There are 2 protein chains.
Amino acid sequence: MNNNRNCILGLILLAGAAASRADEGMWTFDNPPAKQLQAKYHFTPTQEWLDHVRLSCVRLNDGGSGSFVSSRGLLLTNHHVARGQLQKNSTKERDYIQDGFYAATTDQEMKSPDLEVNVLVSLENVTARVLAALKGAPTPEKEFAARNAVIAGIEKESLDKTGLRSDVVTLYQGGEYWLYRYKKYTDVRLVFAPEEQAAFFGGDPDNFTYPRFDLDMALFRVYENGKPIESKDYLRWNPKGAADEELVFTAGHPGSTQRLDTMSQLEFERDMVYPNVLKLLKQRIAIAKAYAARGAEPAREAGSLIFGLQNGLKSIENSYKGLLNPSVMAAKQKDETQFKSLVTANPEWKAAYSSAWDSTAEALQKARPRMKTQFFRTLDSRLAGLANTIVEYVAEIKKPDGERLEGFYDSQLESLRFRLFSSAPTYPGLEMARLTGVLEMARAELGPEDPWVKIVLGGRAPKDVATELVSGTKLADPAVRKKLAEGGEAAVSASDDPMIVLARKLDPMQRETRKWFEDNVESVTLRAGEQLGKARFAAFGKSTYPDATFTLRLSYGQVKGFPMNGTIAPPKTTLYGLYDRAASFDYQGPFYLPLRFKEGRDKLDLSMPLNFVSTNDIVGGNSGSPVINRNAEIVGLIFDGNIESLVGHFVYDGETNRAVAVHTAAMTEALIKLYKAQRLVDELMAK
Amino acid sequence: MNNNRNCILGLILLAGAAASRADEGMWTFDNPPAKQLQAKYHFTPTQEWLDHVRLSCVRLNDGGSGSFVSSRGLLLTNHHVARGQLQKNSTKERDYIQDGFYAATTDQEMKSPDLEVNVLVSLENVTARVLAALKGAPTPEKEFAARNAVIAGIEKESLDKTGLRSDVVTLYQGGEYWLYRYKKYTDVRLVFAPEEQAAFFGGDPDNFTYPRFDLDMALFRVYENGKPIESKDYLRWNPKGAADEELVFTAGHPGSTQRLDTMSQLEFERDMVYPNVLKLLKQRIAIAKAYAARGAEPAREAGSLIFGLQNGLKSIENSYKGLLNPSVMAAKQKDETQFKSLVTANPEWKAAYSSAWDSTAEALQKARPRMKTQFFRTLDSRLAGLANTIVEYVAEIKKPDGERLEGFYDSQLESLRFRLFSSAPTYPGLEMARLTGVLEMARAELGPEDPWVKIVLGGRAPKDVATELVSGTKLADPAVRKKLAEGGEAAVSASDDPMIVLARKLDPMQRETRKWFEDNVESVTLRAGEQLGKARFAAFGKSTYPDATFTLRLSYGQVKGFPMNGTIAPPKTTLYGLYDRAASFDYQGPFYLPLRFKEGRDKLDLSMPLNFVSTNDIVGGNSGSPVINRNAEIVGLIFDGNIESLVGHFVYDGETNRAVAVHTAAMTEALIKLYKAQRLVDELMAK
């Protein structure tokens, strides 16, 4: 009673213990949850185990994860991660999304237009070097510039020294900075993808839910110098899968979480970000669907766009529910109050860190009036995006590395050019529809007198402007883009391509806005984040995991059903369930049975496990992550979280939060019996 | 704006219209929802249709519904409605619940010990006669006595005149009184029941949920004078079932709802009733489970008791959530406020009806301090219950009919004696365990000095008292009960049977308590209910349906899936789903596959519909109700409501409220292919 600080500390540590019992966390490979694993599962991963898993896992820069599953570079990920490249390789005549793809021989493996894959080969703590560079910066703005400069410098130095992609990663909101070096691959060829209806059975309704019945898998092969890579770092295939309650791991790249955000940040998200994002997404879905309704070919063109938008909408709608849930927010408030008391009870900590909450709140307060224009001053068009990148690119690369906009550092240029000069197709009709829609919305939301709207529309009809831009531009041709980028500022200023002309006109306003946000918001919240990160270390040590940043993380948990709608969801589903769900909807809409499954029914053992759930803490970006057992054998393939897990963006609840995976048994069974891909199974099963 | 009353009226009528669009209501056969049916489904049932359906439906006095499905008295209901009689006919050697039952010939059809079945043959509005008898009663207590007397008189007169079971039914909380005459059958023989695991696959977890995979059916045959009855009023069997979105009806006996209750009544339920009921149920379940854990035979004996208690617990826990849900209570409050404004705005209505809310609230306030003893002064034992009935019986039948306790009117005696002298077995070990448990709880909750506890225990240990009572009594023998009841007060006073002795000791306290509640609570709330019933008719006419009273009701709706846990629950399930759910739990616990289904798999068409859902408004008591189409053909068999429907005790939400039924296709398929009961299918399919 007379030691308040210890009492509060006790409460927090207790909460921490409960969380660890609940399999929470997306842990970095330098700080695995060894204590928790030993306590709950009597297992401690060795350094060798950790290194092997890390080197077997990949990041797909389309926005997902994957793993090597053979010594010859075979790479397993989700169909929905491969979807973008399938779309880009498809044509009106040949639709790989609808029909699937299988390369019966190595020769037939199909190159992806712009898929970059990264393997994390080393991690180095550079916190001291970054923080040293910030010391004595008189204002947050100066500090912001100094931080960018030192990061660009570290990355460039590493790139020059090792030739590896080198990214400085901010962890614990700035409590730590790490240099992550990646081996980069850009010759990634498609080996196998099932037809979409098998991969995405149940469609948007079943997305982010469970029980589930999806074969959401794809296989690529990674090449270097025209040949499949060879490596001993790959995950052995275990077609038996994991038993109920067995310990399993996922290693992948969760995109982003906001679990360490302050209350003012959460309230800003709730009030200013989510409502606008949802509004935008809904409108874009309506536009894309209207375009798709024009016919089979428009539907094919807009397919991946609609998938992505709907996927985002459902995910965001359900994480938004967390922000709107009074009990979630009350728990967050309680955590913050306890943490704040702990910091202010220590005079040294108080002086160094306690201003962070107020400064964050003030900066976000300042940002509020500008958020609407932030969201609605956007051109929803691939070509407009490319034009914008070209205009920025030629201006930025002239500057010293450390002074450039983030994204244009020397260390980032190779990957940038890979995407910029991609041979992926553009669909002019779809571009026009999207641009028209987004311009109509901008005019309606911001009014015709908004300076940005005036520049873009100049009083003309959105449709006319969109038509002129899309039909007039030559940027669909990668050679044209290359010529402009390599021609530098002279070529870009001389260009009369309407997309380039518009990007030039918008560039000053865009830079000004960016600068305003950097000076008034980001620089302040970054500084405050660093303060809170240090405060957290001071109070608790490195006992926790940082928020997700699309970098490699290890999660652990167990195969386990969960309470659902008055009953129990099972730990796994079976092929029987696929046939049940299809028949129970009379094979209509997103529940029709793929032809191969319809015709192949009697070949299959219907009691074979198809999907399963585990308590592993994952979020978007983990799609395609392997699920592995203690022996680092692959037993499953993450492809989703259940609807209850989407609040995981802000908070993890082990009672109902579940990762959803494809079972190795079903993948093996389907490859052999339905897809006649014995050669792949032989490769997977090779010792 | 200047006509507030019309404005409010408009709001309420609008709410009524919305409700009708949502397929709400358990309608009496004198007042079917003809307008709603015509507007939404373009169908109007004829009087002939209504009469035929009414005469084809039955009430099972074990607490469920059923229907005739052949011209020779074949009666379809649920396995879980038949369960009690299956239990009573089972022995240590022959367990019909575990193994199921099939009478291959009529000779083998098995008589039920104490199942009474009622068919509603006529309905007569007796409101005027009842209300006339109440006129001028100076106090609620006098009114209460007068009401009982006139009701007993009407029932007796009808019984004497027609020989039919005659019940006066209170509808619209006393807004109407109806004389319902029933043809009564007491020779009801079991023809078919599947093994429990097929009927109740998924057990307690899946109970009250959907998707579902249960063959929850049983067939009885009704006999009279030793022969099957013959009738043209039966429902034709349609093995194709109903299509998605098709209009379907249920006709059955919903047990009770409290949708027209006042706020003070709902608050009383929330604060005083539900918490105590839940506490009692949980304790009784623990006692029964502990007994069942002693071995196979104890488990068999306690089986139906545990089923019933768990079924009740899950149902009550989930309807309780409605009372705890602020938005449900706010909507109820809004309805009450609007209704009250409407009543008080009319001077005549105000004078006649508006005191009802306050008088109800005051009476319930008075009852609150007495509720704990009400709940915990109970003997949980079949034998103690029988003793209590015998002691009351011999005292009551000496009085003039109209002055007896309700339950002992002349019109009710035949059914009472049928139950009292039933040959159903009692299980002494289970009786002892239950009595010990409930006495321990009474002592713990009320203290050893509570007058009731003192009478029962007299300072002794609950276990000793229970053992003495159960091992000393002879009441398990129906002949002993008969002798006592027929021996009248003299025989009962002379008895030294310990159960009778205890019942005699408790009788004065019990009568005193009953009288206190009648005088202070029931008489007041009944009068208030009548006022509000009349007010409702005055304001809205007879545009709505009365709360459920375990009397025959017609519900309508359509076959329809519903939004569930982020996705859509399908309109139906298939046999595939049964195999999926079993395999997905590794055939463990309540998910093991019945042997017949395991071995018979390849004989079945697995895409056959098994269960389906519809928007029909039903509650407990509707179990066993037929689902029929426009042609009054049977397409399904109600056996449950989904978890979302349990709040239906207080409010109907058409968005998610679903009735769950067994599909006629699955029943037909299983009878033919798994149970080799072709003779029954032939009878069902006979034109």
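Select Leu502(A) to begin, and then colour the residues that it touches: leaving aside residues up to four places away in sequence, these are Ala387(A), Val456(A) and Leu469(A). The model in your viewer is a predicted one, and every stop on this tour should be read with that in mind. Leu502(A) belongs to helix H22 of chain A, which covers residues 498–540. Is Leu502(A) buried or exposed? Leu502(A) counts as buried because 21 C-beta neighbours lie inside 10 Å of it, and the cut-off for that label is 20 or more.

Chain A has 26 helices and 21 strands. The radius of gyration of chain A is 25 Å, close to the 26 Å that the globule rule gives for 687 residues, so chain A is as compact as a globular protein of that length. Taken along the principal axes, a box of roughly 75 × 70 × 50 Å is filled by the C-alpha atoms of this chain. If you colour by burial, 48% of the 687 residues of chain A count as buried. Among the contacts in chain A with a separation of 6 or more, 78% are between residues 24 or more positions apart.

Then select residues 664–673 and 678–685 of chain A, which are helices H25 and H26, and look at how their axes come within 8 Å and cross at roughly 145°.

Finally, bring chain B into view beside chain A. A rotation of 180°, with 0.0 Å of shift along its axis, superposes chain B on chain A with an RMSD of 0.0 Å, and that is the relation of a two-fold axis. The same surface serves both copies, for 100% of the contact residues of chain B recur in chain A.

Where the chains meet, select the contact residues, 26 from chain B and 26 from chain A. On the side of chain B, the elements that give two or more residues are helix H9 (203–206), strand S16 (567–569), strand S17 (572–574) and helix H23 (575–584). H23(B) supplies the largest share of that side, seven residues. Coloured by class, the side of chain B that touches chain A shows 11 nonpolar, nine polar and six charged residues.

Notes
Residues are numbered from 1 along each chain as its sequence is written. Chains are lettered from A and ligands numbered from 1 in the order in which they are written. This is a predicted model: local features need pLDDT of at least 70, side-chain atom pairs count only at pLDDT 80 or more; totals for chains, interfaces and linings use all residues. Helices (H or I, at least four residues) and strands (E, at least two) are DSSP runs, numbered from the N terminus. The radius of gyration is taken over C-alpha atoms; the globule rule is 2.2 Å times the number of residues to the power 0.38. A residue is buried if 20 or more other C-beta atoms lie within 10 Å of its own, exposed if 12 or fewer, and partly exposed in between; C-beta atoms are placed from the backbone. Two residues are in contact if their C-beta atoms, placed from the backbone, lie within 7 Å. Copies are superposed by least squares on the C-alpha atoms of residues with pLDDT of at least 70 in both. Ala, Val, Leu, Ile, Met, Phe, Trp, Tyr, Cys and Pro count as nonpolar, Asp, Glu, Lys and Arg as charged, and the others, Gly among them, as polar. Axes are lines fitted to C-alpha atoms, for helices over the stretch in contact, and angles run from 0 to 180 degrees between N-to-C directions.
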